[in-house]
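Please look at the structure first.

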Amino acid sequence: MVDFRNPAPPASPLRSSLLAGLPARDGSAREFTFSTTDFERVRKLIYQHAGISLSPVKQDMVYSRLARRLRATGMPSFAAYLDALERNGGDEWERFVNSLTTNLTSFFREPHHFPIFADHLRKLGTKRPVRVWCSAASTGEEPYSIAITVAETFGANVSHISIVASDLDTNVLATAEKGVYPIERVEKLSPERLRQFFLRGTGSQEGFVSVRPELKRMVSFQRINLLDANYSVKGPLDVIFCRNVMIYFDKPTQYKILSRFAPMMQPDGLMFAGHSESFLHAADLFKSQGKTVYALANAR
């Protein structure tokens, strides 16, 4: 019996050569057997564990990403890997989910949201604590863009603001916490923002920038699965950024998550969604303010 506590040894060259002749859907050779049944099992498991609805056209993407896990665990086929995952996955469940999540992001992505966010912050003022949740933090560009907007709005007077940034993928959260990026990732930022909020690397760190410590202190990172029964972040929240993550969920799962967001929000709270996301199916929970910004449908 094989499990992930005692993985099998890496595949031998002979075994790899025997498997290499199996065709892919595009006619090229594949290292591992990967049937339609295997793909449907992957779709079912990622939906159960992360709520992600994989499109039928993602078969090649799934093969490419999970083949790395087969190599790392020494599994001879997808069927064997999935059997072991279901039987005794342990920490491998996290690696499985990490492998299949997509983390496309950038600083000030969908920039029209940030002036709206800044206006909302000014309305809230400084007389009480303001709480922001970035629920799809990825590698950190979005929560740091939020923090920059806070700093530009209130200057040094930001002690009343707290930003929680979460993601399902622990690998990207580790990158986010470090706050170190290749310089090309910030090349679209203004020179003023670069000087004020980033430090340029020197020596072995040349070609990289680091988010300034005072900005890092504004953000706390934690792993949260939006399907979890309980969230570690608690309300009342003034703002939720949930951008470009709902597109991976089907409508019932979206509604389930939104129904949990609604009671966590302040009566005048705002939720920011991605440009391709619409929550018309949850009109009883949230009403559109335009530009993929939502408020509570029935403010308490």
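The whole structure has zero disulfides, a disulfide being a pair of cysteine sulfur atoms within 2.5 Å. Cysteine 134 is in no disulfide, and the nearest cysteine sulfur, in cysteine 242, is 9.0 Å away. That is too far for a bond. Cysteine 134 is buried at 0% relative accessibility. Cysteine 242 is buried too, at 1%. Buried means under 20% relative accessible area, exposed means over 50%, and partly exposed is in between (1.4 Å probe, protein chains only).

The model is predicted: local features need pLDDT of at least 70, side-chain atom pairs count only at pLDDT 80 or more, and totals for chains, interfaces and linings use all residues. Residues are numbered from 1 along each chain as its sequence is written, and side-chain values use heavy atoms, with hydrogens and water left out.

**Salt bridges**

The count is 11 salt bridges. Each is a side-chain nitrogen of Lys or Arg within 4 Å of a carboxyl oxygen of Asp or Glu. The table lists some of them.

| Pair | N to O distance |
|---|---|
| Arginine 41 and aspartate 83 | 3.0 Å |
| Arginine 95 and glutamate 92 | 3.5 Å |
| Glutamate 152 and arginine 193 | 2.8 Å |

Glutamate 152 sits in helix H7 (residues 141–154) and arginine 193 in helix H9 (residues 191–197), so this pair ties together parts 41 residues apart in sequence. Glutamate 152 is partly exposed at 39%, and arginine 193 is partly exposed at 24%. Shared partners join Arg41, Asp83 and Glu86 into one network of salt bridges. Helices (H or I, at least four residues) and strands (E, at least two) are DSSP runs, numbered from the N terminus.

Arginine 95 and glutamate 92 are both in helix H5, three residues apart, about one turn of the helix. Arginine 95 is partly exposed at 39%. Glutamate 92 is buried at 2%.

**Nonpolar cores**

A nonpolar core is a set of buried Ala, Val, Leu, Ile, Met, Phe, Trp, Tyr and Cys residues joined through side-chain atoms within 4.5 Å. The largest has 52 residues; Phe96, Trp133, Phe261 and Phe286 touch the most other members. Elements that each supply at least two residues of this core include helix H2 (36–50), helix H11 (251–261) and strand E10 (265–273). Apart from it lies another core of 41 residues, among them Phe114, Val130, Val132 and Leu215.

Beyond its neighbours within four places in sequence, phenylalanine 286 has contacts (heavy atoms within 4.5 Å) that include Leu258, Phe261, Met271 and Tyr294.
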